Amino acid sequence: MAVIQTFTALQVMQDAPVIPVIVLHDVAHAVPMARALVAGGVRMLEVTLRTPQALACMEAIARDVQEAVVGAGTVRNPAEAQSAARAGARFAVSPGYTSRVGQACRDLGLPLLPGVATGSEIMMALEDGFTQLKFFPALQAGGTAMLKAWSGPFGEVKFCPTGGVTLQNAHEFLALPNVVCVGGSWLVPADALETGDWARITRLAGETAALRG
Ligand code: 3PG
């Protein structure tokens, strides 16, 4: 049996400038979409648990696209973390943070990027030993100004801002010393999935390489 490579949360963040936030409604889209992203240089794939098909999509990617590293997004409780791990997720991202989710991911050996939007949430995540965090929803909750303000009291924290980040503004986030990567849904547009425009997804993924200066 092939050895599955494991990653830390920091390694997940460092792999590419953008972690795509993916919403899949059709299992048939999962594998060609994952191959298209990998072809564009993006292999850490956050499949959100927002659709009934999400777990089956993760399973398909984990089984058929060896070059991809599939993760679960929108993990909101321990049961969802467990289902995601069973489906082959190798990292997890949560829109907010609870110690229960943090502990569940630890127990599963699943690197977690906990979502935070306030200083108190950062302090809770830090208390539980998490120093790589998702800032969500980034633009709505204060954007780059918020990240600059947090760099003082929370100097050891590295962020993945997500929510409202686009190809046009990503460089403003990535220029900050406390930002390692950004997350965004723009790499996998719903209409590209519907029409099977895999070349467009590869192109969108490829465009992000230039973001890392
Ligand atoms: C998420 O769903 O995690 C983010 O909202 C993605 O945000 P975006 O659609 O603004 O990229």
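Trainee: Which residues does Ile61 touch, not counting residues up to four places away in sequence?
Mentor: Ile61 touches Ala30, Val31, Met33, Ala34, Leu45, Val47, Ala68 and Val70. Contact here means heavy atoms within 4.5 Å. This is a predicted model, in which local features need pLDDT of at least 70 and side-chain atom pairs count only at pLDDT 80 or more, while totals for chains, interfaces and linings use all residues. Residues are numbered from 1 along each chain as its sequence is written, and side-chain values use heavy atoms, with hydrogens and water left out.

Trainee: How many residues does the largest nonpolar core have?
Mentor: The largest nonpolar core has 61 residues, and Met33, Leu37, Met58, Ile61, Phe159 and Val182 have the most contacts inside it. Such a core is a set of buried Ala, Val, Leu, Ile, Met, Phe, Trp, Tyr and Cys residues joined through side-chain atoms within 4.5 Å. Buried means under 20% relative accessible area, exposed over 50%, and partly exposed in between (1.4 Å probe, protein chains only).

Trainee: Which helix gives this core its largest share?
Mentor: Helix H2 (residues 27-39) does, with six residues. Helices (H or I, at least four residues) and strands (E, at least two) are DSSP runs, numbered from the N terminus. Apart from this core lies another, of 13 residues, among them Met13, Cys160, Val180 and Cys181. In soluble globular proteins, nonpolar side chains tend to be buried together.

Trainee: Now Gln132: buried or exposed?
Mentor: Gln132 is buried, with a relative accessible area of 19%. Gln132 lies in strand E7 (residues 132-135). Leaving aside neighbours within four places in sequence, Gln132 is in contact with Ala9, Leu10, Met13, Leu112, Leu113, Pro114 and Lys158.

Trainee: And where is Met124?
Mentor: Met124 is in helix H6 (residues 119-127). Met124 is partly exposed, at a relative accessible area of 40%.

Trainee: Changing topic, which residues are around the ligand?
Mentor: They are Val21, Arg50, Lys134, Phe136, Thr162, Gly163, Gly164, Gly184 and Ser185. A residue counts as near a molecule if one of its heavy atoms lies within 4 Å of it.

Trainee: What lies 2.6 Å from an oxygen atom of the ligand?
Mentor: A polar side-chain atom of Arg50 does. For Lys134, a polar side-chain atom lies 3.1 Å from an oxygen atom of the ligand. Gly164 instead places a backbone N or O atom 2.7 Å from a ligand oxygen atom.

Trainee: How much of the ligand's area does the protein bury?
Mentor: Taken alone the ligand exposes 310 Å², and the protein buries 77% of that. These accessible areas come from the Shrake-Rupley method with a 1.4 Å probe.

How values were computed:
A polar contact is a pair of N or O atoms within 3.5 Å; within protein, one must be able to donate a hydrogen and the other to accept it, and residues adjacent in sequence count only if both atoms are side-chain atoms.
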